[in-house]
Amino acid sequence: MFEVRKLNNISEEKIKLLPKELYNVSDNVEEADAMILRSYKMHGMELPKSLKAVARAGAGVNNIPLDDCTDKGIVVFNTPGANANGVKELVLASLFLSSRKITKGVNWIKGQNGTGQDIPKLVEKGKSQFAGPEIKGKKLGVIGLGAIGAMVANDALALGMEVEGYDPFISVDAAWGLSCSVIKETSLDNLLATCDYITIHIPLNEKTKGLINKDKFAIMKKGMRIINLARGGILVKEDLIEALGNGTVSTYVTDFPQEEYLTIDNVITIPHLGASTPESEENCASMAVEELRDFLENGNITNSVNFPNCSLPHSGNTRVIIGNKNVPNMVGQITTILAQGNINIATMINRHSGTVGYNIIDIEGEITEDIILKLKSVEGILMVRVI
């Protein structure tokens, strides 16, 4: 029986994908084999020794202590692409909001309540202050062409925009889904210098933090409109505020409000609604549950952020899964211990990513507790499980 702890409310319909005869799912499990969550902040949380996996029903994992999990051999999953359509739709809405001064107009007319004036006449007199350009025929730059970026690019083309995309690390799957009409830009500076709008779809990490800064604003077209539903730290806040003040950026739309933005007239702040659709929540929950189940029952890894993706069809034999630091001779030490225990390997796969390696080994016969302890004692071994 696998014990699964819910740290947030997760769709009950999707939780039912975990069969009751194999799983006990609750929000108060103490010795959990796995945890599933959305936005719960795990930093500072004591992780039980029984914990094997954490699944985040969403893409970002800033709320999970990744280094601690990796050191303890805990596989962390996310659900990339499950909320892509919800975010894409908000990006498209943001394109219109950034151009047509819709929010300003709505707030202005609501402010006329109780004035006693003839509202239709007032509207005709005051509406000119909210005029804004159409997006058709304008150039959109998409920074990051993953699941969301590719969908935004394709739909912007359908709306009549010219679209340039920049992503030096685009995956094969994303490239297959991208329209051939999207112009592939190899230079971020060229994209920033020529586009009327940019939308950002890259993760926040050491390489992307502060990517859009004073130097980048200096090469932008005057009156640029920026949509950022990715992460706030990708832009340098102080440099952005300066660019908004001098007209380099005419409008900034963000899903990550900060107090400084609330008083700036040409900033539209959205309260992190990108994935706030029932469809997104269902899709994320479904993917997270499926990832957990495949890992716990079969040892397969799909969409992990700290271990390499690795899967092997189950041969019906005893399965040993081993996570290790990615250092020389790990596989040799593992197979030597198995050979010394007179264990024959039926099939095996090894994958590594960055500093971590992962092995799925189907063996003939049984494996003793003594051999398991020898495997665990090897320096650099992070976890050993027998399925």
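Where in the chain is the place of Leu159? Leu159 sits in the loop between α6 (147-158) and β7 (162-166). The model that shows this is predicted. Leu159 has a relative accessibility of 35% and therefore counts as partly exposed, since that class runs between 20% and 50%. Together with Phe96, Ile102 and Val106, Leu159 forms a nonpolar patch on the surface. The accessible area of these residues together is about 290 Å².

Now consider the whole chain. The chain has 387 residues, and buried residues make up 48% of them. Its elements are 13 helices and 16 strands. Taken along the principal axes, the C-alpha atoms fill a box of roughly 90 × 45 × 35 Å. The chain exposes about 19,200 Å², of which carbon and sulfur atoms supply 50%. Consider also the contacts between residues at least 6 apart in sequence: 63% of these join residues at least 24 apart.

The walk along the strands can start with β1, residues 2-6. One face of β1 is covered and holds Phe2, Val4 and Lys6, while Glu3 and Arg5 are on the uncovered face. β1 runs parallel to strand β2 (residues 23-26), and four bridges join the two. β1 also pairs in the parallel sense with strand β3 (residues 34-37), here over three bridges.

Ile198 stands opposite Ile226 in β10.

An antiparallel pairing is found between strand β14 (residues 344-353) and strand β15 (residues 356-364), which are joined by nine bridges. One of the facing pairs is Asn350 with its bridge partner Asn359 in β15. β14 and β15 form a hairpin with two residues between them, and Gly354 in the turn has a positive phi of about 65°.

Most residues other than glycine have a negative phi. Lys101, in the loop between α3 and α4, has a positive phi near 55°. Lys101 is partly exposed, because its relative accessible area is 31%. His272 has a positive phi of about 50° and is found in the loop between β12 and α11 (278-298). At 45% relative accessibility, His272 is partly exposed as well.

A loop residue can also be buried, as Gln112 shows. Gln112 lies in the loop between α4 (102-110) and α5 (119-126), and its relative accessible area of 14% is why it counts as buried. Leaving aside neighbours within four places in sequence, Gln112 is in contact with Gln117, Ile119 and Leu122.

The last topic is charge. Side chains of opposite charge can pair when their charged atoms come close. The count of salt bridges here is 16. In one of them, Glu164 meets Lys139, with the closest N and O atoms 3.3 Å apart. Glu164 lies in strand β7 and Lys139 in strand β6, so this pair ties together parts that are 25 residues apart in sequence. Both Glu164 and Lys139 are buried. Another salt bridge joins the side chains of Lys221 and Asp196, at 2.8 Å from N to O. Lys221 is in the loop between α9 (214-219) and β10, and Asp196 is in the loop between α8 (188-194) and β9, so this pair too ties together parts 25 residues apart in sequence. Glu260 and Lys237 form a further salt bridge, at 3.0 Å from N to O. Glu260 is in the loop between β11 and β12, and Lys237 is in helix α10 (residues 237-245), 23 residues apart. Glu260 is partly exposed at 38% relative accessible area, whereas Lys237 counts as buried at 19%. Salt bridges that share partners also join Lys139, Glu162 and Glu164 into one network.

Methods: Residues are numbered from 1 along each chain as its sequence is written. This is a predicted model: local features need pLDDT of at least 70, side-chain atom pairs count only at pLDDT 80 or more; totals for chains, interfaces and linings use all residues. Side-chain values use heavy atoms; hydrogens and water are left out. Patches are made of residues with over 30% relative accessible area and no salt bridge: like charges are joined within 9 Å, nonpolar side chains (Val, Leu, Ile, Met, Phe, Trp, Tyr) within 5 Å. Accessible areas come from the Shrake-Rupley method with a 1.4 Å probe; for residues, only the protein chains shown count as cover. A salt bridge is a side-chain nitrogen of Lys or Arg within 4 Å of a carboxyl oxygen of Asp or Glu. Buried means under 20% relative accessible area, exposed over 50%, partly exposed in between (1.4 Å probe, protein chains only). Two strands pair if DSSP finds at least two bridges between them. Contact means heavy atoms within 4.5 Å.
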